[in-house]
Amino acid sequence: MRLRNIPGAKEIIRTSEYVVQNPEARKGLWAAVFPKRQPLHIEVGMGKGRFLMDMAALHPDRNYVGIEMYDSVLLRAIQKRESREEEKERLSNLLFLCVDARNLPEIFDRGEVDRVYLNFSDPWPKARHAKRRLTSCEFLKRYEKILSPGGCVEFKTDNRQLFEFSLEEIERAGWELLEKTYDLHREASMMAGNVMTEYEEKFSQMGNPIYKLTARKK
Ligand SMILES: C[S@@+](CC[C@H](N)C(=O)[O-])C[C@H]1O[C@@H](n2cnc3c(N)ncnc32)[C@H](O)[C@@H]1O
């Protein structure tokens with residue numbers, strides 16, 4: 001997702017109370033950034049942020065960080081959060097970062113993150129761009145550097161090729177596949193507690209099956 005450049009977006013992001021500036025300075029200190037010390041879950045490629053705002057509201061006993069690299073998209077998440085907070089929904093357990101996820105190991109210390117969510121990640125269909133896919137071995141190595149022991153990656157997509165690629169990469173990287181489904185919305189056990197993302201709603205309404213896997217480093 002890349003929206004048209006929006007004038008003023010950078011300044012709004014720079015001054016937003018929801019966005020952590022210079023996140024590399026918080027490496028190893030994330031527990032103290034939030035009001036409560038509790039498990040930290042992150043979404044990489046958050047888009048407009050609906051999933052993470054719903055998760056933060058549903059699970060006040062966890063801290064959440066949403067990561068989005070494009071200003072124009074993060075701006076939409078900030079605006080959405082502002083309007084939700086006007087309706088008295090205060091999410092003190094959720095922060096946003098405007099960074100490229102390639103920098104995750106510079107931002108989070110070893111073991112600092114308990115779960116990584118990847119939702120409807122960009123497919124990057126050309127073979128020469130495979131390393132940009134958020135489920136590539138290159139990215140799995142980055143997650144390994146920040147996840148706590150037993151910490152998982154959860155990945156949802158409607159893109160069959162990207163899903164198959166991800167299953168192969170998980171094996172190649174020496175990760176353990178904990179669960180997978182080729183039709184999440186018809187699989188009651190994996191649907192329990194499912195929170196829909198913007199893309200998930202759109203693609204499932206079009207009749208596309210939603211694929212999901214959960215994996216962790218062996
Ligand atoms: C297709 S959208 C999905 C948005 C949302 N997760 C959903 O399911 O509705 C993928 C998002 O990931 C972001 N993204 C892709 N690669 C990224 C990276 N390396 N670092 C941070 N964000 C990234 C894109 O800018 C885009 O907004």
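Asn 22 turns up in the loop between α1 (9-15) and α2 (30-33); helices here (H or I, at least four residues) and strands (E, at least two) are DSSP runs, numbered from the N terminus. This is a predicted model, where local features need pLDDT of at least 70, side-chain atom pairs count only at pLDDT 80 or more, and totals for chains, interfaces and linings use all residues. Residues are numbered from 1 along each chain as its sequence is written, and side-chain values use heavy atoms, with hydrogens and water left out.

Most residues other than glycine have a negative phi. Asn 22 isn't a glycine, yet its phi is positive, at about 45°. Phe 120 also has a positive phi, near 55°, and sits in the loop between β4 (113-119) and α6 (137-146).

## Around α9

At the start of helix α9 (residues 198-205), a side-chain oxygen of Thr 197 comes within 3.3 Å of the backbone nitrogen of Tyr 199. Just after α9, Gly 207 has a positive phi of about 95°.

## The ligand and its shell

So what surrounds the ligand?

## Backbone contacts

A nitrogen atom of the ligand is 2.9 Å from a polar backbone atom of Ala 101, and a backbone N or O atom of Met 69 lies 3.3 Å from a ligand nitrogen. A ligand oxygen is 3.4 Å from a polar backbone atom of Glu 198. The cut-off for a polar contact is a pair of N or O atoms within 3.5 Å.

Note on methods: Polar contact = N/O pair within 3.5 Å; in protein donor to acceptor, adjacent residues only side chain to side chain.
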